[in-house]
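Biologist: Can you walk me through this model? Keep it quick, please.

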Amino acid sequence: MFIPIYFWYSAFVIVLCGILAISLRNPVHSVLAVLVLFFHMAGLYLLLQAEFLAAVQIIVYAGAILVLYLFVLFLVNLKEELKLSAFVPGVWLGRGIAAGLFVLLIWMLPSFTSGIKGNWPSAAVSQAGHTKALGGELFTTYLIPFEIAGLILLVALVGSLVLAARIEGEQSGRSGKRDQNEHPALPPHQEEVQP
Amino acid sequence: MIEQLVVLNPAAFSWGMITPVLPELVLLAIGVALIVLDLFAPRQRQLLPWMTVLGVSAVLLVNLGMYTPAEPGAMLRNDAYSAFFCTLCLASVILAALMREFYSTQVQSHQGEFYSLLVFSAVGMMIMVASVDLITIYLGLELMALPIYVLTGMHKKDLRTSEAAAKYFLMGVFASAFLLFGMSLLFGLTGTTNVAEIGAYIGRNNLADNASLVMALALLIAGLCFKVAVVPFHMWTPDVYEGAPTVLTAFMSVGPKAAGFAVFGRIMLAVFPELHANWGPVLALLAVLTMLVGNITALVQSSLKRMLAYSAIAHAGYALLGIAAGSASGMAAAMSYLFIYLFMNMGAFAILIIFSQGVEQGESIDSCRGMASRNPVLALCMLIFMFSLTGIPPTGGFTGKFYLFQSAVAAGYTAAVIAAVLLSAMSAFFYLRVIRLMYMSGPEQQPAITAPSVGMLVVLGIAVAGVLATGLVPGALFDWAQRAMLP
């Protein structure tokens, strides 16, 4: 009795927070909605007897990544927000497509049949220990995907440095130190752009 | 306790898994070396493009010579299919690296990180084309796309570049969500992430009529169509292609697109062969729509770069027609067409970079006015590329289209092929307009063109040779593609 109620409560909060996160105007509120979402996601992992994943969800996602988001939001001046024109002509067209997709997904749900079970049913996982089972699989069977994910993080690091250096290079345009080395023929009007 | 230790014995890891990724590892090392060189030897910056070209060429050769036997559980596989696409993707990286130096002198922006990010993106493409597992396909896709998002926004000359980068990033993430949803449905339905095993499971258990499998198929098609910019999922393409630095646009419209098609073909032909009756007509319809929108909108463009961006959309439609055929010969025709497209598109963009003289955004089509009398050799090259993009006989564009249409007709899509032929006849109007401006109108008072650099000349030479060779002796390329499609 308790478990279905708990599931439906978590699922409802997750969907609600997801919608709130994309519709709230204030980015800090959005991040807080995502925080609540992550906590309920961890609750769902607990329901699946995946305690390790639940803990990681809270420590890494809620604890580290979202706090980082908050720092970025506080540090970046949001008044200089980049405004994009809408991709679809009307708001209601997008909502209509989303609703249609939702109905389609609900419609296909009854026909869903579960496939073959893998080598790790939940009994085997709890017998071996979550950390051990996960670590063993991650570093043997899934070593290559794991390393690719690491490489993606390296690229993200280099990429964010490149983009940050670009902004810094523009702002130090007034002092001119970096730009004299890098762009010997910088046109003079560039310096007037920065307030 | 002892059983548990046996389960987690380090010997359970087989080093055989590493062998297929050796070329990727070498390429990764080159990427890291490029970062280090850029950081610690800033005076030797002019070496970076040549190091990139040399390193990537070496990896290309290693990859061509390496066929590892297929292991049942391996996530990456070096078969003939992946070797073909790998060659295509790495060639686009080499050409982009060769064009970059000339371009960055013109727009006065030297960033050494360009080369390392380009190489990282190439690693992602190699992983994508060699993947036979949904997990590595997805991770390779992200690894390919992430450096390109950054490269798109690297020059901050005006807001358009930032807008293009933001738009590309958002749409890319959106497409990834579709793709992931489809993949997770597939995994739930079959319990495995291996592409071949999923296909076998669907065949064994008669899942072909299952509504959730059809939904997974639809989500996967939507996600992949976003990635290769097929109508109606193309909205991001013109703005991104126009806003990005021109060298990157040339690269984006060839390399990553080819990698996307590699995944597209692999998934469609290996996972969903039973459902071909479902996805074949849909893809054929999307292909016709793509050609229609791409060609018609290209007609009214006054900017050469934007025209080439729409033409890139249209050409994705032609290649999609080959996949829609659902046969090995159709896929082989699509693969050869993508290869020919590498030459003609890279060549056209190289000429665009030379003509536009560092004017980043507003390369009006008028910049080629009277080019035949100002620089006859460049005009002749452009003539060849435009003929090939239209599909006029002595060039590769003709043979590529010929084989594509032939395989589509063989698969029964006659109406789609008729539409495609009509639309490519229409595309002649805007491709040949460039030629008319170059040859038939008098030169205006314009500044002299900067002489192309060595790298640029090499690119032009390769492109012209490629377009003419695939047009005059197409056999070798088509045989190679056919062999790549054999199991």
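This is a predicted model: local features need pLDDT of at least 70, side-chain atom pairs count only at pLDDT 80 or more; totals for chains, interfaces and linings use all residues.

Biologist: How many helices and strands does chain A have?
Modeller: Chain A has nine helices and zero strands. Helices (H or I, at least four residues) and strands (E, at least two) are DSSP runs, numbered from the N terminus. Along the sequence the pattern reads α-α-α-α-α-α-α-α-α.

Biologist: What share of chain A is buried?
Modeller: Of its 195 residues, 11% count as buried. Buried means 20 or more other C-beta atoms within 10 Å of the residue's own; exposed means 12 or fewer, and partly exposed is in between, with C-beta atoms placed from the backbone.

Biologist: And what share of the contacts in chain A join residues at least 24 apart?
Modeller: Among contacts between residues at least 6 apart in sequence, 41% do. A contact means C-beta atoms, placed from the backbone, within 7 Å.

Biologist: On to cores. Which residues have the most contacts inside the largest nonpolar core?
Modeller: They are B:Cys89, B:Met99, B:Ala122, B:Leu143, B:Leu338, B:Ala350 and B:Phe385, in a core of 197 residues. H15(B) gives the most to this core, with 22 residues. A nonpolar core is a set of buried Ala, Val, Leu, Ile, Met, Phe, Trp, Tyr and Cys residues joined through C-beta atoms within 7 Å.

Biologist: What is B:Cys89 in contact with?
Modeller: Leaving aside neighbours within four places in sequence, B:Cys89 is in contact with B:Ala122, B:Met125, B:Met126, B:Val129, B:Gly255, B:Ala258 and B:Ala259. There is also a second, separate core of eight residues, which includes A:Cys17, A:Ala33, A:Leu37 and A:Ala42.

Biologist: Back to H15(B). At what angle does it pack with H20(B)?
Modeller: Helix H15 (residues 328–356) and helix H20 (residues 454–472) of chain B pack at about 145°, with their axes 8 Å apart. Axes are lines fitted to C-alpha atoms, for helices over the stretch in contact, and angles run from 0 to 180 degrees between N-to-C directions.

Biologist: Which residues make that contact?
Modeller: From H15(B), they include B:Phe343, B:Gly347 and B:Ala350. From H20(B), they include B:Leu460, B:Ala463 and B:Gly466. By class, the contact has 12 nonpolar, three polar and no charged residues. Here Ala, Val, Leu, Ile, Met, Phe, Trp, Tyr, Cys and Pro count as nonpolar, Asp, Glu, Lys and Arg as charged, and the others, Gly among them, as polar.

Biologist: Now H14(B). How many of its residues are buried?
Modeller: 21 of its 21. Helix H14 spans residues 304–324 of chain B and reaches 30 Å from its first C-alpha to its last, close to the 30 Å expected at 1.5 Å a residue. The expected span is 1.5 Å times one less than the number of residues. H14(B) is followed by B:Gly326, whose phi is positive, near 70°.

Biologist: B:His315 sits in that helix. Why does B:His315 count as buried?
Modeller: Because it has 29 C-beta neighbours inside 10 Å. B:His315 and B:Leu389 are 74 residues apart in sequence and 8.6 Å apart in space, C-alpha to C-alpha.

Biologist: Which peptide bond is cis?
Modeller: The one from B:Val231 to B:Pro232, with omega near 5°. B:Pro232 lies in the loop between helix H9 (211–228) and helix H10 (237–243) of chain B.

Biologist: What is phi at B:Ala229?
Modeller: Positive, about 60°, although B:Ala229 is not a glycine. Most residues other than glycine have a negative phi, and most peptide bonds are trans. B:Ala229 is also in the loop between H9 and H10 of chain B.

Biologist: Where is A:Gln49?
Modeller: In the loop between helix H2 (27–47) and helix H3 (51–75) of chain A. Phi of A:Gln49 is positive too, near 60°.

Biologist: Are A:Gln49 and B:Ala229 buried or exposed?
Modeller: A:Gln49 is partly exposed, with 13 other C-beta atoms within 10 Å. B:Ala229 is buried, with 27.

Terms used. Residues are numbered from 1 along each chain as its sequence is written. Chains are lettered from A and ligands numbered from 1 in the order in which they are written. Two residues are in contact if their C-beta atoms, placed from the backbone, lie within 7 Å.
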